[in-house]
Amino acid sequence: MSHELTWLLVAIPAVSAAILLLGGKATNAWGHLLGTAASLAAFVCGVLLFVQMQGHHGEERSETVRLFEWFQVGSVKVDFTLLIDPLSILFVLLITGVGSLIHIYSIGYMEHDPRRRRFFAYLNLFVAAMLLLVLSADYLLVFVGWEGVGLASYLLIGFWQHKDSAAVAAKKAFVVNRVGDIGLSLAVMSMWALFGSSAFVSVNAGAESMSHTWATLVGLMLLLAACGKSAQVPLQSWLLDAMEGPTPVSALIHAATMVTAGVYLVVRSHAIFEQSEAASTAVVIVGTVTALAGAIIGTAKDDIKKALAGSTMSQIGYMMLAAGLGPAGYVFAIFHLITHGFFKANMFLGAGSVMHGMNDDVNMRHYGALRTPMKITFVTFAFGYLAILGIPPFSGFFSKDKIIEAAFADNLVIGLCTLLGAGITAFYMTRVMLMTFLGEKRWEKDVHPHESPKVMTVPLVILALLSLVGGVLALGGWLEHWLEPVVGAHEEHHPPLPIIVMTLITLAVVAVGIVIAVAKYRRDIPREAPAGSPLTVLARRDLYGDALNEAVLMRPGQYLTRTLVWLDNRGVDGLVNGLAALFGGLSGRLRRFQTGFVRSYALSMVFGAAFVVVALLAVRLS
Amino acid sequence: MKIGWLTLLLLLPFVGALATMLVPKAKALVAKQVALAFSLVTLVLTAIVAVGYHQDGAEKYAESHTWIKAFGANYALGLDGVGVVLVVLTALLTPIVIIASWNDADNGRWSSKSFFAWILALEALSIGVFAATDVFLFYVLFEATLIPMYFLIGGFGGAQRSYAAVKFLLYSLLGGLLMLASVVGLYVLSARAGDPSYLLTDLVKLDMSENTERWLFLGFFFAFAVKAPMVPFHTWLPDAAGEATPGTSVLLVGILDKIGTFGMIRFCLGLFPNASEWATPVVLVLALISVLYGALLAIGQTDIKRLIAYTSISHFGFIVMGIFALTSQGLVGSTLYMFNHGLSTAALFLVAGYLISRRGSARIADYGGVEKVAPVLAGTFLFAGLSSLALPGLSPFISEFMVLAGVFSKHKVIAVIAVVGIVLAALYILLMYQRTMTGPVREGIEKLTDLNKREIFAIVPLVVLIIGLGIFPKPVVDIIKPAVESTMQRVGVTDKAPQIPVTEGQK
């Protein structure tokens, strides 16, 4: 497939989404099949492009495809240009590959939903927007994909919008993301002011000449954008609520792909971050804080999806901090992004499979002993579990260890934080495993867990295998070599201790996490959550993130709007009305003035206007 | 002698208005059909003019005849990029409004045919306003637009329509009065310099003292600021739009209010360039206040139509801000914004009107769960809302972004604060959507019917244009650019050059 046809990747799912949305009920019968076929077709295109790319070397692998001029104003020209290069092709494969598996899974998961066709339309819309995001060669065009995925996310979180909670969560996600979009907007405006362009090539070429201040500012704006999309502190609060969406959505959008877009943005903008130590450090700090915050939140959640969502936050934090480490970290950020895409999608779909068998109950305190009735789900979930813990030879071992090593090489405190995070991860994931699949039955009455149909378990098996073997990407430094034309060569990092020692220490910390969890949750899990220590409550309440937002933004905002509305009605309008009354005398007389004089005045103007027309015609015809 | 294209464009809807009125009262349907036919022919003619303008330039369309010699007033029409765009918008929205409002005037104070006749009269006058190249002619037409609008609001609206109509009229007249003072002032200056003339081409050559220019500028600007409307002269709009029929609101906010921002470009910048630059800091701050104040008030509204009116106040803040940024991005963005805002607000008002007519209430609290019973209505409402909040990929995004970038290049602080507006926009739209369309189905909503074919038919052109111009805005941008370049030259401002220009080859 010629790279000229890259636009097909975006067009195929977009057209499919349009057909499904506009076709209405007529497409109900086969809508899910068309949606899945569109995603698979995009995947095939991606594979063909990838294969073709193998035939080239180094920078020749990057191809820009200029479709048309978007607009040109003043010194700024923005083209509708796509860029297919070693970085974007990896995303294309991840999005369409995992995306297709999730489409297939959803055929079973959404089988009884009367609005299934619409669900597939939104999924296709998401795939199209996400592909546009990673294929755009201009920041402004990235913005289109960026908000496009935000829209798809909004529609899918609120898919069951007859529930108020879902509608509120959807709105929250969109609005919080818009706060991040302030950053992206300002970044693009700065690029226009600095370089007269927001195309990647121009920005990359001009970045070295940026002043330090501008590099820092633009970097921080991009980071703000990334925080919104990737649910990083301080814009993390929407992700946990986003679990209101159907579980395949959580797997695809809120775990494997969309939420990693922030990491993509930072890696893609490496030229800018390399100019500013301050901005890169900010990325590292945000990543580290989120890695720990997400992990802590994950430890206290009884809702299986929320526990996994906390974990997603935390894992993206790892990627983010790796991306902030500069050339040493870019490759590992992307590496972990891909393996995480496999194992987290796997676990989310596994959670969906469990919910499917448990009447959509998400409370892990009502689970237990599900390993027997749901063997495939159990085994595949276990693969994801071993991968996220970083147990060799599962994929997470390779990707996470690299990040921990790089962190130690950069800064001891950050390194210790990543190590601590690995321990907490082991704890909460073991807790999920024990509460769900092991231990005693704590099922509700009338619940008869059963294994999900093949259409759901086959994607699980494939993702489980990918979670196992994903590490091969790094074999012989393949990934580093592959990404070198995009992010540059990276210097060898030197962790304070030999790598084998580091690995052993990490594994030891992970083992400690497991042991603590086993000791605590091996048996006797109450069906009602105990009150818990202040620390537990803190984690259950998402570290008071929502309370903070409410106190600092929401409530003052509400007061402000209410006051302004009152002022506008009484103050501004009252003043003017008062003036009018003053001029018109008493208000009773004003009323007469209104219906009498004004209308006749207006009528006289009509005649006047008619006269003018006649006069005009007379003048013209003379 | 032969009748010019623009005169024809202006006359056609007028004749249509007369023809509509002449249809016997008993044949209401025929009257509507006549009105629709005239508006469609006008649209076709406008399309021909726009294409011709794009290909052959403006000369072909300029007409000028002496009108009142003693005043130096001329019947002079002509087009520039800004004018073309607004004439097209007018010709486009009129038939859409007629189709969408097909049954809205049946229970008005007067017969429904007068509703459609007034719409056509308004179309004619608006086209005249956007094409006038003589200040006196502009002033006359500017004031004349108040008449049809007054009757559209006062004759066919909600319970408080009389109050709203009078308020609209008084505000506009007050603004117009100050402009009249400036118009007279121009005459004095022009007469002193030789033969009086109100032609724009003559007026730009006038020599004005610094003070005179500023005073004259203020007269015009005040009238336009009331029209646009800018905070604090805005309170007539929520009342007018809240009481008027949805179709009237579209014409009011979509077209009539644009005369304000259009006037700022053509008359404030065109005739008083130095005073415009002088006023820039104050105007930018006022515009910034409009952006945020309008949005915050929109969030706090409990009435759907008033909410949409306040969103427009915020949008007009953006437009004014882009104009007075005095950069090509700002000016092109603002002009494009006027067009796109016409599309998105029309869609929003019309779909809201569909909703309100079904339930008989404009209160947000009376709705809930509409999506479940009327998915097409909810879907189009969401689409219109998304275009109003300038979702990237839809046409309003490009104009809003250009405006912000244009302001940013010269006034960083203002742009940074204004960007907050995009968050507020998401809030006011999505809160309204959430409260009306999602959640459990409310009492009184269960039997709500979905959109019928006529209603969908009226919305489709808007949807197509919003998506189409979002992906491919080049044709409109190309029409606007030359006009903006000459305005910038006239004002004597240039864009700030990029700090680190990247060479062509690298682009």
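This is a predicted model: local features need pLDDT of at least 70, side-chain atom pairs count only at pLDDT 80 or more; totals for chains, interfaces and linings use all residues.
Helix axes are here lines fitted to C-alpha atoms over the stretch in contact, and angles between them run from 0 to 180 degrees between N-to-C directions.

Chain B contains 21 helices and two strands, and the C-alpha trace spans about 70 × 60 × 45 Å along its principal axes. Because a compact globule of 507 residues would have a radius of gyration near 23 Å, the 22 Å found for chain B agrees with that expectation.

Within chain B, the axes of helix α2 (residues 28–56) and helix α4 (residues 112–131) come within 8 Å and cross at roughly 15°. Since angles under 35 degrees count as roughly parallel, α2(B) is therefore roughly parallel to α4(B). The crossing in which α2(B) passes α4(B) is left-handed. The residues that meet in this contact are set out by helix in the table.

| Helix | Residues in the contact |
|---|---|
| α2(B) | B:Ala28, B:Ala31, B:Lys32, B:Ala35, B:Phe38, B:Ser39, B:Thr42 |
| α4(B) | B:Ser112, B:Lys113, B:Phe116, B:Ala117, B:Ile119, B:Leu120, B:Glu123 |

The residues of the contact between α2(B) and α4(B) divide into eight nonpolar, three polar and three charged.

For chain A, an unreviewed UniProt entry lists residues 136–424 as "domain: NADH:quinone oxidoreductase/Mrp antiporter transmembrane".

How values were computed:
Residues are numbered from 1 along each chain as its sequence is written. Chains are lettered from A and ligands numbered from 1 in the order in which they are written. UniProt positions are given in the numbering used here, feature names are shortened, and annotations may be inferred rather than shown by experiment. Helices (H or I, at least four residues) and strands (E, at least two) are DSSP runs, numbered from the N terminus. Angles under 35 degrees count as roughly parallel, over 145 as roughly antiparallel, 65 to 115 as roughly perpendicular and the rest as oblique. A crossing is left-handed if the near helix is turned anticlockwise from the far one by less than a right angle, and right-handed if clockwise. Two residues are in contact if their C-beta atoms, placed from the backbone, lie within 7 Å. Ala, Val, Leu, Ile, Met, Phe, Trp, Tyr, Cys and Pro count as nonpolar, Asp, Glu, Lys and Arg as charged, and the others, Gly among them, as polar. The radius of gyration is taken over C-alpha atoms; the globule rule is 2.2 Å times the number of residues to the power 0.38.
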